[in-house]
Amino acid sequence: MLDERLRLTRRVPPCTLVIFGANGDLARRKLLPALYRLAAERRLPAGFAVLGNSRTPTNDEQFRDRMQEAVAGHLEDADFDARLWEEFSRALFYLPGDLRDASLYQRLAARLEEIDRTCRTAGNILFYLSTAPSLYPEVVSRLASSGLHTGPGWRRIVVEKPFGRDLAEARKLSRLLYRAFPEEAIFRIDHYLGKETVQNILAFRFANGIFEPLWNRRYIDHVQITAAESIGMEGRGAFYQEVGALRDMIQNHLLQVMATVAMEPPAAFEPEAVRDERAKLLRSIRIPEEPEIASIAVAGQYGPARIGGEDVPGFRQEPGVDPNSPTETYAALALFVENWRWAGVPFYLRTGKRLPRRFTDIAIQFHAAPHALFGEAGIAEPMRPNLLVLRIQPEEGISLRFLAKLPGSGMKLRPVLMDFNYGASFGLRAPTAYQTLLLDAMAGDPTLYTRQDMVEACWAVVQPILEAWARRRFDFPNYAAGTWGPPEAETLLARRGHRWRSP
Amino acid sequence: MGEPIHADAILAQLGEHWRMLAETGQTEVLRACAMTLLVHTEGPPSDPDLAGFLAAFELAHPARAIVVGRLEGAGRRVTAEVRARCRLAPGRRTQICSEQIELGATEEALADLPPVVAGLTAADLPVVVWLRDPAALDPGPLAGLVSLGDKLILDSDALRDWRARLRRARALLARGAGLGDLAWARLTPWRSILAEAFHHPARKALLGAVERIEVHHGGPLPAGAAYLAAWLRLLLPACPAATFVEVADGEGLCSARLHAQGLELALHRSQPRELELASANELLCRQPDAPLLEELLAEELALIGPDPVFEAVVEAVLN
C-alpha cells in the first residue's frame, strides 16, 4: 500500500541471485557488469547477494578478484570505481562444485541459508542458468529433488537460450522446467527484448498518435529487420557450427523484434497483456511450406577475404570448425503475417556474420506516393519511398527519410533524414539489456521475457526451414567476408520488387 | 605492415569526434549529411587540393565524403583518417559540420579497401561515386567501389579509351543506379544554346529540315563531341548522322554546324569560357561556357539515379 505513495515505479525485493556457470563468458561479460552498474545506480535492493557456482575450485575472495577483473574489463561507457566495487563485492560469494553432484545442492542449500541470514535476502532466490544447455535438465531436476525450488520466500529461474534445438526439444525442456517451477516463476531470457530501443518500439507505436494509424498494409510496403555482425567466430566456432544463424538469431531475437513491431496494441501495459499480443502475432506468422522454402529463405556461409589490411578466415577455416561444415553463418527470410493488419506485407529478416558493419535495426518502408507528380522528365531522382528506421545498435535512435526539394531553381528532389538520437536527446547512458532484465526478474516482471507459447510459435516458423536446409547441400561458402551476404539474398527481395536498404 | 582498419572502429572514431565537437565547441554543432560522396583519387587520400575542393563543395552539398587513394611505397599497408569540417551558419550561432573519411592503401593492398568502404556509407542516403581516377573501372581490386553507388560520375573527356570505360562502367553499375559524366555536363551550355536557337519563331520550322550536321574537334574524338552528335541525332531522327571533322589547331570539342535549307547555324567556342552561335556571319547569341568543376559536379548531383536522356545518348554512342 505504501508503495503507491512512492515515486518509484516498482519495488525490487531483497534476494539472492544464484548464478550457475559463474566463471563462464556470459557471467563475466554481461551479468556481473550489469549487476555492478545496478549497484552504481543504487537500484539493487538493500538485501542482495550473488552466489556464484562453477566447477573451478576457488573461494569467495578469489572469485571476487576474478569478477573485479571481468567487470573492469567489460564496462562499456563507464569507469570502474574501486570504492564502489569494494562495497558491492562484499555481497559476492562462491560455491565450487559439479552440477551433476547431488551433494552440491545440499551445500548450496546450507550456503543460501547462511547468506540469507547475513545479507537479509528474505529467503528469496533467483536461479540463473548460465551453463551449457545440456546441463539444464540436471540442474532443474536436482533443484527440485533437493527442495531448493521452494522455500520461505519466492523462487524464480532464469533460463538462457537456446530453448532447445527444435520444437520437440523446446517442449521437452518446458516439461522439465514445469516439473519444478510454475510458468510465472520461469524467466526465459531473450536479451534483445531488454534493449532500450526495442522497448522504445512500444512507446513509439503506442504513446504517439500519428504513427499507429499508418502501421498497416495500407501504408507500409514492407519491413526489413537486420542484425549484422562484422566479427566472425571469436573462438566460438565449435559452438556456432552446431547452431547456425537461423537458430542463433532469427528463431529468437529477430522474431521477437518482429513481434514487437507488428503486434496489436495491448489493452494495458501489463506483463500478460503485452506477452499475449506478442504471442498472438508470432502465431499469425505463416508457417512456410516445403515447396516455397527456396523462394523465401536464403542461407549463406562466409569465405575467406582480406579486409582492411587483414586476412580474415572463412567460416570453415575458423578454429574448432569442421572444414566441411554445412552450417549457415547468414540467413535471410521473407515472412508474412496472416492477419487483417499485415496481409501481403513482407517482413524480411536477415542476419549474418562477417558483414561489412555491425548494426541492428528495423526499417519500415512505406508505399511510394500514389502519383509521381515530380517524377516526369527526369527532374526527380527515382522516388525513394518514406522510410522509418528504428536503430537498435549502435547509435540507438530513430530516423525518418523523406524527400525534400533541393535548394535552387527547378523541382529537384533529394532524400533527407530527420533524426532522433537517444544519446543526444537524453544524454543519459541507457541501461544494458541485462541490467533491465535482471532487475525485472528480481521484481517478478516478465513483460520482457518470452513465454513458452512464444518459444514454440518461433520454433514452428523456423522448423520447416531448418528441416529443408538439413536435407539440402549448399555450395558453401557463397559470400566473401566483408560483403553484405550471398547474391541470392538480393534475389529474395528482387522477386517482390524490393531491395535491401543500404545500412 | 600497418595496423588493420575496421569500418566499425572508424565509425566509432567518427562518433567520438562528433561527441568531442559538441562538448568542446562554443556553439551548437549540426551534423549535415545528404549523401555519401565516395571519391576515388589517383593520389594520396589526404591530398590538400582535393580536401580544399571538397570543403568548398560541401557548403552546398553536405555529405559524408569518403576519399579512397593510393599510398606511396611497397608492401601491404592501409590507413584510415577521419576529420570533420565545420563552418558557422550564416547569421546563426550554429556550426554546420560534415565529415570526411580518408582511406589509403598501397598498390598491393588496394583490394583490402572496398569491404571497408561498404561498411562506411551513410545509411539510407544516396551514395555517389566520383571517379577522379578511372582505374576503379578496370578489372581489379577497386571494381567493387563502383557497385556501391546509386550514381557513378566520371569524366570521359579525360579518357582516351572512353568507350571501353563507359561500357565497363555500365556493366559495373548496381541495378537502378545512374551513370553521370562530366563530359556530358560540360555540354549543357551547348545543348541549351541550340535548344534556345530553335525556339525562335523564325527557326522553329527549320528544325525538321536539318540536312547535315558537322561536329568539329581537335585530336582524337573526345567523348563530348560524340555525345553532342548523338544527342542531335536523337533529336533529329530524319537527319543523317553527324560527320566528325578533325581540325588541326583545335582541342577537344570545337564547334558544331547545322545545315538546313540554306541556313547554317554555327556554334563554336569563341573564348576559353564563351560560346557563340552564329548564322551567316551574324552573331545570334553568346553564352558562358566551360563550367567549373564544382558546377559540373553539382549538375550531376542534382539528378541521382538514371538520366533517361543521357542514357539514350550513351546507348547511341556505344552502339
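Let's start at a sulfur–sulfur bond: the torsion about the S-S bond of B:Cys86 and B:Cys97 is about 110°, so this disulfide is right-handed. The two partners sit in distant parts of the chain, with B:Cys86 in strand E4 (residues 78-88) of chain B and B:Cys97 in strand E5 (residues 94-105) of chain B, eleven residues apart. Keep in mind as you look around that this is a predicted model. The S to S distance between B:Cys86 and B:Cys97 is 2.0 Å, and the structure holds one disulfide over all chains. As a reminder, a disulfide is a covalent bond between the sulfur atoms of two cysteines.

B:Cys33 takes part in no disulfide, and the nearest cysteine sulfur, that of B:Cys97, is 12 Å away. With a relative accessible area of 27%, B:Cys33 is partly exposed. B:Cys254 is likewise in no disulfide; here the nearest cysteine sulfur belongs to B:Cys285, 19 Å away. Which side of the burial cut-off does B:Cys254 fall on, buried or exposed? Its relative accessible area is 18%, and buried means under 20%, so B:Cys254 is buried.

Stay in strand E4 of chain B for a moment, where you will also find B:Arg87. This arginine is partly exposed, at a relative accessible area of 24%. Leaving aside residues up to four places away in sequence, B:Arg87 touches B:Glu58, B:Leu59, B:Thr94, B:Gln95 and B:Ile96. Its C-alpha atom is 9.7 Å from that of B:Ala55, a residue 32 positions away along the chain.

Now zoom out to chain B as a whole. Chain B has eleven helices and 14 strands, and its C-alpha trace spans about 70 × 50 × 35 Å along the principal axes. Of the 319 residues in chain B, 52% are buried. What share of the contacts in chain B with a separation of 6 or more comes from residues 24 or more positions apart? The share is 74%.

In one of them, helix H1 (residues 25-40) of chain A packs with helix H2 (residues 60-74) of chain A at an angle of about 90°, their axes 8 Å apart. That angle falls between 65 and 115 degrees, so H1(A) is roughly perpendicular to H2(A). On the H1(A) side the contact is made by A:Arg28, A:Arg29, A:Leu32, A:Pro33 and A:Tyr36, and on the H2(A) side by A:Met67, A:Ala70, A:Val71 and A:His74. Sorted by class, this contact of H1(A) with H2(A) has six nonpolar, one polar and two charged residues.

In the other pair, the axes of helix H5 (residues 136-145) of chain A and helix H6 (residues 167-180) of chain A come within 9 Å and cross at roughly 15°. Angles under 35 degrees count as roughly parallel, and H5(A) and H6(A) are therefore roughly parallel to each other. H5(A) passes H6(A) in a left-handed crossing. From H5(A), the contact involves A:Tyr136, A:Pro137, A:Val140, A:Ser141 and A:Ala144, while H6(A) contributes A:Leu173, A:Leu176, A:Leu177 and A:Ala180. This contact of H5(A) with H6(A) has eight nonpolar, one polar and no charged residues.

Finally, a look at the backbone. Most residues other than glycine have a negative phi, and most peptide bonds are trans. The peptide bond from A:Lys161 to A:Pro162 is cis, with omega near 5°, and A:Pro162 is placed in the loop between strand E5 (155-160) and H6 of chain A. Another cis peptide bond runs from A:Phe476 to A:Pro477, with omega near -5°; A:Pro477 lies in the loop between helix H14 (452-471) and strand E18 (479-480) of chain A.

As for phi, A:Arg42 has a positive value near 55° and is found in the loop between H1 and strand E2 (48-54) of chain A. A:Arg42 is exposed, with a relative accessible area of 72%. B:Asp124 also has a positive phi, of about 65°, and lies in the loop between helix H3 (113-118) and strand E6 (127-131) of chain B. At 3% relative accessibility, B:Asp124 counts as buried.

Methods. Residues are numbered from 1 along each chain as its sequence is written. Chains are lettered from A and ligands numbered from 1 in the order in which they are written. This is a predicted model: local features need pLDDT of at least 70, side-chain atom pairs count only at pLDDT 80 or more; totals for chains, interfaces and linings use all residues. Side-chain values use heavy atoms; hydrogens and water are left out. A disulfide is a pair of cysteine sulfur atoms within 2.5 Å. Helices (H or I, at least four residues) and strands (E, at least two) are DSSP runs, numbered from the N terminus. Buried means under 20% relative accessible area, exposed over 50%, partly exposed in between (1.4 Å probe, protein chains only). Axes are lines fitted to C-alpha atoms, for helices over the stretch in contact, and angles run from 0 to 180 degrees between N-to-C directions. Angles under 35 degrees count as roughly parallel, over 145 as roughly antiparallel, 65 to 115 as roughly perpendicular and the rest as oblique. A crossing is left-handed if the near helix is turned anticlockwise from the far one by less than a right angle, and right-handed if clockwise. Contact means heavy atoms within 4.5 Å. Ala, Val, Leu, Ile, Met, Phe, Trp, Tyr, Cys and Pro count as nonpolar, Asp, Glu, Lys and Arg as charged, and the others, Gly among them, as polar.
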